[in-house]
Structure formats: C-alpha cells, structure tokens
Amino acid sequence: MAFRVVDMISSLKLLILFCAVMLPFAVSQSAVAPSPAADSCNGVFVSYVYGTGSQLKPTNATHQPYRFQSTLTVLNNGDEELKSWNVFVGFKHDELLVSATNAVLTDGSSLPASVGNGTTFAGNPTTDLKTAIETAGDVTQMQVQVQLVGTQFGVAPPAVPMPSTIQLANDGFQCPAASLQGSNVMQVCCTKNPNYKSNLTGADEFLPRQSGDLTIMYDVIRTYESNYWAQVTIANHNPLGRLDNWKLSFDWMKEEFIYTMKGAYPYVVDASECLFGPQGTYYQDLDFANVLNCERRPTIIDLPPTKFNDTTLGQIPSCCRNGTILPPTMDPSKSRSSFQMQVYKMPPGLNRSELSPPQNWNINGTLNPDYACGQPVRVSPSQFPDPSGLPSNTTAFASWQVVCNITQPKGMSPKCCVSFSAYYNDSVVPCGTCACGCSSSTTSTCSTTASAMLLPSEALLVPFENRTDMAKAWADLEHLPVPNPLPCGDNCGVSINWHVYTDYTNGWSARITLFNWDETAFADWFAAVELDKAAAGFEKTYSFNGSLLSNVDNTIFMQGQQGLNYLTAETAGANPSKDPPVPGKQQSVISFTKKTTSGINVAAGDGFPTKVFFNGEECALPSIRPTSSGNRKGSAIILSIFLALVAFILMQQ
C-alpha cells in the first residue's frame, strides 16, 4: 500500500512538472496565434477583437462610463517586411484609452488619452514585422498583438462598442472596408497599392527620412553596456515657423534616466524617483547626487548664450540660444538647436546594441505656433563632421527621426491679433472680442459675444482697459451703437495694425504697426502677411527688411533692420499714476505697384491681408474690414471737437 502511495505521489509530481512546462508554451502560442481568417490574406491582416466590458462608477444616466478590453492584431502575410507599422482604429464612443501594450499613439499623446475621434497606433518596441518567407513562418516575428484597456461611454453590455473601421495606415497600402465577424470581431486585409511609387528598394534597411515643419533627430553617438550618449537635433524647416524658449518633452519607456547633459538642461533637476525606485536598487554604487533627472517624462530647456563656451555644460554646436530657433528664411545658421545627454538603461536591455529612443515627443515655445509630433522612426545613421577636423565623417550607431508639423489644437486661441484701418474711413476695426481667449470670470463684467466697438486711431496707442471712454465718445460722435454690457478685450500680448495708407492709379501703400503689450521683449522678431491678390505687386518696405517669399504663396516676410530687430516690452507711462502703459512699437510703410496686379480693388478688400503671422503664430483677423461707402467725414472742426471731448472726459477721471 505504501508503495502505491509513493507511486501515486511520483506520478502526480510528473504530471505537475509536465503541466508547468507545457502550460506557458500553450499560453504563449495561443496569445500569438493568427485568426483563421488571416489564412486567406496575402497582405497585412488587421483585426480588432472586443473582449470584455463592465460598468464603472459613478452612475450617470446620460453619460455612463464602461470599462472595455480589446485586442488589436497586426499580421504581415505579405512578401516584404512591414517597416514602422501604423494602424488606425476608428473609435467612436468617446473612448479614453488607459493602456496599450506593444504600441504608442502616433500623435505623441501619453496615456491616458482621449481617442473618441479615432487614433493611429505605432509599434513599440516592435516597430517592424517580418515575413513568413524570411522567418520560416515564425508568427512571433510576423505579428504583434496590442492589448487595449480603456473607458467608453454609453454602450452598456451586452452591446459591443466596436470602432467604425480599422485599417493599415502605412503609405503604399490599400484597404477595403473592414468587415464585422459576429458582434465583437472586425478585420481587414490590406494589400500593396500597385500604383504607389516608393523610393525604397527591397535592400533598404531603413525607411527614408521624411519632411515636416520641424524635425527632431535622436542620434546615438556613443554606446556602452549600461548607458549611451545621444545627440538631439531640432531643425526648423518651415519658412514661417519659429520657437522661442523652446521646451522639449518625451516619455522614457524602459525606466531610463538622464545622468548628465551638454547644451541643454532639465527643467527640473531631481533624482528622487531613481533613488527610491528600481534604478536605485540596481545601480547601488552610483552616486545619484550627480544624476540630473529621473522623471518618466522629463522636460528639457535650452541654455543661455553665456554657457556656450562652458566646458561642462556647453561647447555643442547650435546650442545655448535661450531656446530660440529661427525660420531658415530669416537665418539658416540659427534654424536648429542641438544638445547631448547621457542616458542610463535598466535590465534587461543592458548591452551595447540594445538601443531604443524615448516616445511621445512634444515641443512648444512662448508666442509660437503649436506643433504635433509623430513617433520616432528608425532611419539610416546620421553622419557628423569628424571632431578632429579631418576631412571625414563619423557615423552614429543608430538614428531615429521625429517629424512635427504646425497644428491648431481644438479649443486653442491665437496669441496675437490684427486690427484694420484705412485712409478712407475714420474708424479703426479693432481686434475681435476675446480674439486671444477670455476667462470664464470675465462674463460677469463684459460681454464675450458682443462685437468689438469701432475706435478712433488714437485708441490703438493705449491699453484696452483705458479705451472705454474713448470708445464711447467715438460711438456717440459716429452714431454707433454701444453694447450693454460692453465687449471684452482681445487679451492678446501682441497686436498688429494694418492700415491702407494710399491708393492711386499706378500703385498703393500700406502701413503696418506692431504693438507689444506683453512684459517680454522680442529679439529677432518677424512678421509676415499673405495678400492673395496684391502680393505680386510688392515693391519695398521702408523701415523693415522685407521680401516676397518664393516658397510660400503670396506672402511678404518682414523683419527689423540691423539694430532695430528688437520689439521692446510694454513700459510704464511718463506719469504712472495718470498715464497708461506704453506698448513696444515698430512701424513701416510698404509700397506696391499695380503693374503686375491689374484689376485689383484696394478699397474693396484686396488691400487687406488674408493671413498675418507674428513669430510664426497665425494671428486672429477681424471679421469685417473698413468700408469706403461713408468715406471720411472727419473735417478739422469735427475732429477738433472730438479730441476736446475726449480730453475733457479724461480730465474728469
């Protein structure tokens, strides 16, 4: 009997051992097993499978949240390697994506992220999918599965919150409409577009570099077992793009941290997250007092010019410019910025060839356009001039490119505005009400919807809060309505007045005036105006350096002349207790000929710009233009009476 018990125990041990060995294998195989429908696809097979869902708190009858779990699968059944796969998922239920394995969002958003209008995924860390031919059918190299967890609104189980569509987003592929299999499976087979002409050959190891308004290169220039040095280069390619006091941020995906830097610096110097995290446990002999930053999402800022020759922090080409990156049309030598950083890695990626860049890049400036950045794409290694001065180049160990383009985020307000005036009308059309946004607290004191009141030209020289009496007096003089409550201000730090100055048979002229109402001065400023019908007649600017751009349609580019390229900040009045603040101001007359623009009607609107830019930011334009129907009725007597009235009102305050 004892022998039987021993035999049974031995058999049980063998059974447990067998299960322990085989179960992980079975689980791993089922996790990557392709769908049976994929067998008929000779391209890239994409599927979205809804798994489970459950109701979340709080209970809300009109906007109830529900948890969802789904699996996105991408399988390469084609005859060419799929490089840097991208898949669009048409979410449509106000989804908030909380986590996604093996992928990141191509728009650079960090999770959790709102994806209710659809989003595109990119592979991370597996960016490329090999073919069955080159792997002998190894599905683990041909396929990636993305486990999605998030919150959706309004679709209660057992109903299934499926997306509207799924499709491969890589160039050169065509996808039919995705099909539903039952209620919880969506799939599509995408094939190569025979009409697409690619500049890639089968032998190309990397994708070609892409163009964009701004590009960021992440080049690994030295690599060791536990750390590497990366050089980051930000290059501006847009003739009207610009950054001032740039701030660059990204996400580390594998618990990396920044040990030291040259040419830039973290916005926050803090090693506490490493010291009390897994980094401190692994690197027990490392002095974390010297570590610069351990944040998962650090923010990097440029250094001032005084640090350029600093042997510890500087001496990096194109560094140390206070975060200013000019457009190439203005100064190509100042259209880029570079810095280097030493990055420490964590297990299991501790070998010299285990290299991966941070994800979810974002860059912004002060009064500058907004940029949307894609994810890093592996490209051919960059080459740099040999530091020894020899006529040769050194090659990076690995290079990735991030492409950023100027965008206008939903709900974001401009940062500058434009007013219009003309020789044939006494009134100035000011910047629009809340042109640069209004806070919710202003609605109790002024109207955010009332149209801005027309003004006399003198009012442009005083801040909005000091214009009230002048605006009311002008409305009374010109028999204009006065809203109640009065409209709110434009709230713009920079305003630009465009004044049609003259109009005659063979030509016309305009005057542009820049006003800086901010506390910050602008060095190396620039402005640009787009004139759809009149730009071809541009002759010259008299107080600015101006030119007609060849690579941007109908656009005149202007900057300050040597020594006059500094737009000062707002300053206090001569008598601060009585006099209003004075804006920084720059002004120039611009002349045009009609020889190359026959048929234009300046007074009817052809003399006013359709777009105005300041330091790369597109400014808000008025909704109306000065009309010539009433013409100027400002006789010297009426004007004198008006000025006397304004002076009297101001004296009574």
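**The disulfides**

Tutor: A disulfide, meaning a pair of cysteine sulfur atoms within 2.5 Å, joins Cys319 to Cys320, with an S to S distance of 2.3 Å. This is a predicted model, in which local features need pLDDT of at least 70 and side-chain atom pairs count only at pLDDT 80 or more, while totals for chains, interfaces and linings use all residues. Residues are numbered from 1 along each chain as its sequence is written, and side-chain values use heavy atoms, with hydrogens and water left out.

The link of Cys319 and Cys320 is left-handed, with -70° about the S-S bond. Cys319 is buried at a relative accessible area of 2%, and Cys320 is likewise buried at 4%, where buried means under 20% relative accessible area, exposed over 50%, and partly exposed in between (1.4 Å probe, protein chains only).

The structure holds 10 disulfides, and another of them is formed by Cys41 and Cys189, whose sulfur atoms lie 2.0 Å apart. This pair links distant parts of the chain, 148 residues apart, with Cys41 in the loop between helix H1 (2-32) and strand E1 (44-55) and Cys189 in strand E12 (residues 185-192); helices (H or I, at least four residues) and strands (E, at least two) are DSSP runs, numbered from the N terminus. The link of Cys41 and Cys189 is right-handed, with 80° about the S-S bond. Cys41 is buried at 2% relative accessibility, whereas Cys189 is partly exposed at 24%.
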